[in-house]
Amino acid sequence: MVSHYLTIKQFTMKKFLLAIALVSISFAGFAQEDAEFKKEMMNFVKVNSGTGEAVDPYIDQMAAGLPDRNKEAFKSEIKAELDEMYSQLVDVYIENVPKEDLKKMIEFYQTPAGESILKATPQVMAKNISITQGLMMKFQSIFQKYSAQ
């Protein structure tokens with residue numbers, strides 16, 4: 001009877017270990033899929049944010065004012081900060097938009113219409129910033145008008 005009990009216990013333990021292994025494998029698969037999706041989203045955010053490679057000339061311009069010995073370290077640190085920003089933006093998308101919708105958005109931006117919008121994004125953003133700055137100046141003058149009364 002003791003040996004029968006051990007056999008059942010061993011069988012149960014083997015099933016338990018097999019179940020843990022299967023769960024671990026499925027989580028690893030999901031983690032890999034999520035990592036690939038996050039990478040795809042990172043590429044999308046870099047392009048769609050209007051920065052990506054478009055920011056390189058600005059970084060070079062800022063670095064021009066530095067001693068030669070510091071230029072590469074400066075560029076590297078700035079790019080690391082940008083990558084952190086992109087990662088945070090990806091997390092915002094993932095937390096707020098269903099994954100299937102994000103996949104459809106990426107697919108759209110790979111169409112001719114989507115590529116056209118992406119191409120225009122830097123100009124649109126630059127004008128948006130200009131308009132917003134003008135509006136902030138108006139807000140400030142309105143605030144000053146009412147704060148003086």
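User: In which helix does L135 lie?

Analyst: This is a predicted model, in which local features need pLDDT of at least 70 and side-chain atom pairs count only at pLDDT 80 or more, while totals for chains, interfaces and linings use all residues. Residues are numbered from 1 along each chain as its sequence is written, and side-chain values use heavy atoms, with hydrogens and water left out. Helices (H or I, at least four residues) and strands (E, at least two) are DSSP runs numbered from the N terminus, and the one that holds L135, residues 112-147, is helix α5.

User: How many helices and how many strands are there in the chain?

Analyst: Read along the sequence, the pattern is α-α-α-α-α. The count for the chain is therefore five helices and zero strands.

User: Is M42 buried or exposed?

Analyst: M42 is found in helix α1. Buried means under 20% relative accessible area, exposed over 50%, and partly exposed in between (1.4 Å probe, protein chains only). Because its relative accessibility is 17%, M42 counts as buried.

User: Which residues is M42 in contact with, leaving aside its neighbours within four places in sequence?

Analyst: Contact means heavy atoms within 4.5 Å. M42 and M85 are 43 residues apart in sequence, yet their C-alpha atoms are 10.0 Å apart in space. With neighbours within four places in sequence left aside, M42 is in contact with D83, Y86, S87 and V90.

User: How far apart are the end C-alpha atoms of α3?

Analyst: In α3, the residues L82, Y86, S87 and V90 are buried. The expected span of a helix is 1.5 Å times one less than its number of residues, so the 29 residues of α3 should span 42 Å. The model agrees with this, since the end C-alpha atoms of α3 are 43 Å apart.
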